Amino acid sequence: MMIDVQELTYTYPAFVPGGARTTALDRVSFHVDKGQYLAITGPNNCGKTTLCLTVAGLAPRLTEGRLTGRVLIGERDVQAEKPGMLADRVGLLMQEPAGQMFNRSVEHEIAWGLENLGISPAEMEARIKQTLAMVGLEHVPRDQPPLSLSGGEQKRLALASALALEPEVLILDEPAGGLSPLGRREMAAILSRLRHETGLTILLAESDPDLIIGLADEMLVMVEGKIVQRGTPREIYAELDPIAAAGVVLPPSLIFAQALDESQVVPITIDEAAELASKYPKPTPSPEPFGSSKQPPRLSEDAIVLDHVTFGYEPKRPILRDITLHIGAGEFIALTGDNGAGKTTLARHLVGLLRSDRGQVFIQGQNIAGMSIGQIARMVGFAYQNPELQIFNPTVREEIAFGPHNLGMSTAEIEQTIEDALTQFGLKHVQDSPPSVLSFSARRLVALASIAAMRSPTLVLDEPTIGLDVSGQGLVMEWFTRAHDAGTTVLFITHDMELAARYAERIVVLDDGEITADGSPAEVFKQGDVVAHAGLEAPFAIRLAQRLGDASLAAALTPESAARLLRDRV
Amino acid sequence: MTEHTSWLYRLDPRVKLGFALFAIIGLILTNRLAILITILVLTHLILLIGCISLRQILRLWQGLILVVVIIMILQPILVPGTGPTLWQIGPIRITQAGLINGLGYAIRLAASAFALAVPLTSTPMHTLVRGLEKLGLPYTISMVIGLALSYFGMIGAAYISISEAQQARGLDLSQRGAIKRARAAIPTLIAVIIASLRLADSLALGLAARGFGMSQSRTSYRDIHMTGVDWLVLIGIVAGFAIVLVANLWPL
């Protein structure tokens, strides 16, 4: 079934009195043939989600806003149908499916949509079995509560729920968002199967190139509600400057080629990058494989110590198992692992939001057992994974002032720290707006700015870059780097191995509640089996070195340094 | 046996809703403390035998205790009743009848909450919705009730998370008095309302995307049926209700 989008313009009303209306889509037109896979990419607030909801027939009737233009699915105008009436023709996977999972078991979660369609119980049984297999969840007990699944499994269950209705069009909004490398690989494999084994027409809104390259027939680049480019992924990535300026996430292989000054070739996969790299001379035997120049600093004291910490939300089901971790003052650590490995649980112990069942936590040498969360906050700043839970003030300015005020800073200090945080995170233009009316990415930056303003000696940040585009990530990493240079201890949770390899001095890998690797990025990524078992994968530069069998190239942790090493050989 | 395999969990939702209904009517009809206390104890016993954990029961008490205490204090002051005065401070007169009355209202409230907890803590949302539907409510209304109940816990969790987030930004509630604590709750409540509205928006989209209201002839994956045990328990509940009525009329 084809999708035909004609001159679509979508405006949201002003959310504050006297504010301006926002144009989310600006005369967007495109056509997707039956069975085609079209990817839409772009920076934050480019209009991807609004487009997905509009094509699915849900916006503007279930959202606010005004729409002009038309969307045809097959021959039918989606705006002529009541919301919900398209469910058997158009499947939708939304960005945060967990918020819509209200059934008690996996099988009921899938069955609920089928019940709405009036499908017989026997047919439901067959479809549940079939779709669970399709998304690789056949091993999950059918009576397991959906919210007890890992983030990646929840997304796959939501996809199974949509597929069970046997739609002809599938719309996916950031299906890889927030997933570990393993979760992303699994999602890409499912989409590849759907692409090749079904006649589904797929519309994918995604920033991760791994779900676009090799899968999409065509891609659109959107900026500020407008389509600025359309072509095959190779055609789009061949013109690097406009997409880089638009803030589109680039495949690391392209960054590598650019750093090599090989602008005439467009390697969009690691195989193509390896082919390019193979033209460069091999090194003389390298004495130092994985010899990264980046080493953890030698430390004189610990900022935080976890001493044999064990914790479980339910008795007999520990999430953290006998964790001992020394976080040295001034260290820059990436904590990583698969979805559901226990990273957030561990981070919450570092700030007293959770108290261990067994073992102790020390911050700056003090046992925190008798301390309140408010007292601990004077030593450690903590950013939640979900910024919604961290924002409660009427304006951005007051939100940022909340922490410094509680810490007893003087008025002059508070004013200065607010100004610094607003500038650092590019929030000056929204300083008097209510944070709740801002976009998700802006709310994320407000939440981080409010932590930055506390000037804590230690920062613990739970997936601070999720939902941010290239420029947003740049702002956050610049803050980390500055804070680290000024002596702040930084621990951030991430699934982004490129980011971890580029910035962190030390990587701690958590696998099913246990620390299975801990060391410099080079030391950790050397342990391929451990990394893979934890649902992770080495960054591009190391995978490239492994593909080429070039041990000395593995000293590079980023595409740029891999290119530099190759160039130096010529 | 676990909570999800217990006899209470397996009981038809209509029987459990029937228990809650009869218990609440019984609590309204009787004035006798002994009967009120019996119903309160009975609800606890049912929950415990039905494998609802003591932790869950204590959590419910935690939510109720403030209102229960306020009723116990205010009721004797506002409605002193007749009989000899025990204490008098200015216009405030406390009588024994007033105290008993206050205790009675407090027990009624607690026992009603626990009677409702019997179906609500032991019934999955989809089964409860199906039960309400079979009792004659339209599916949309049954679904709204089911969703509201299942999201109640989520909203409670959001309140705790936002309150913790305030403390994680240096708000030290342990150093504050009751009024300052209450004042700190206002921005938390606003944030909870905003989070709930976002949740509701997202849920509306999720429901529509999966065909909510699409077919008039909605089917059920696992339908519910009254078994012999369900009928026996229902007869027991009706008999218990009759005993309460008789006991209430029985001269002291």
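How many helices and strands are there in chain B? Chain B has nine helices and two strands, helices (H or I, at least four residues) and strands (E, at least two) being DSSP runs numbered from the N terminus.

This is a predicted model, in which local features need pLDDT of at least 70, side-chain atom pairs count only at pLDDT 80 or more, and totals for chains, interfaces and linings use all residues. Residues are numbered from 1 along each chain as its sequence is written, chains are lettered from A and ligands numbered from 1 in the order in which they are written, and side-chain values use heavy atoms, with hydrogens and water left out.

**View 1. Chain B as a whole.** From the N terminus, its elements follow the order α-α-α-α-β-β-α-α-α-α-α. The C-alpha atoms of chain B fill a box of roughly 65 × 55 × 35 Å along the principal axes. Of its 252 residues, 40% are buried (under 20% relative accessible area, with a 1.4 Å probe and protein chains only).

**View 2. The largest cavity.** A cavity is a set of points, on a 1 Å grid over the protein atoms alone, where a 1.4 Å probe fits but cannot get out; lining residues have an atom within 4 Å of a point. The largest cavity holds about 140 Å³ of space, a volume being the space filled by probe spheres set on the points, which are joined across faces, edges and corners. Its lining has 13 residues, and A:Leu92, A:Pro97, A:Gln100, A:Ala158 and B:Arg210 lie nearest the centre. Helix 4 of chain A gives the most to this lining, with three residues.

**View 3. The second largest cavity.** About 70 Å³ of space lies here. Among the lining residues are A:Ala56, A:Leu58, A:Gly84, B:Ala208 and B:Ala209. Strand 6 of chain A and helix 8 of chain B each give two or more residues to this lining.

**View 4. An open sheet in chain A.** Its four strands have the order 12-11-14-15, with antiparallel pairing (two strands pair if DSSP finds at least two bridges between them). Strand 12 (320-328) and strand 15 (366-367) of chain A are at the edges with a single partner strand each, so one side of each has no neighbour in the sheet. Strand 14 (residues 358-363) of chain A is joined to strand 15 of chain A by two bridges. A:Phe362 has A:Asn367, in strand 15 of chain A, as its bridge partner.

Terms used
1 Å grid on protein atoms, 1.4 Å probe; cavity = no way out; pocket = protein on both sides within 12 Å on 5 of 7 lines; lining within 4 Å. Buried < 20%, exposed > 50% of the residue type's maximum accessible area, 1.4 Å probe, protein only.
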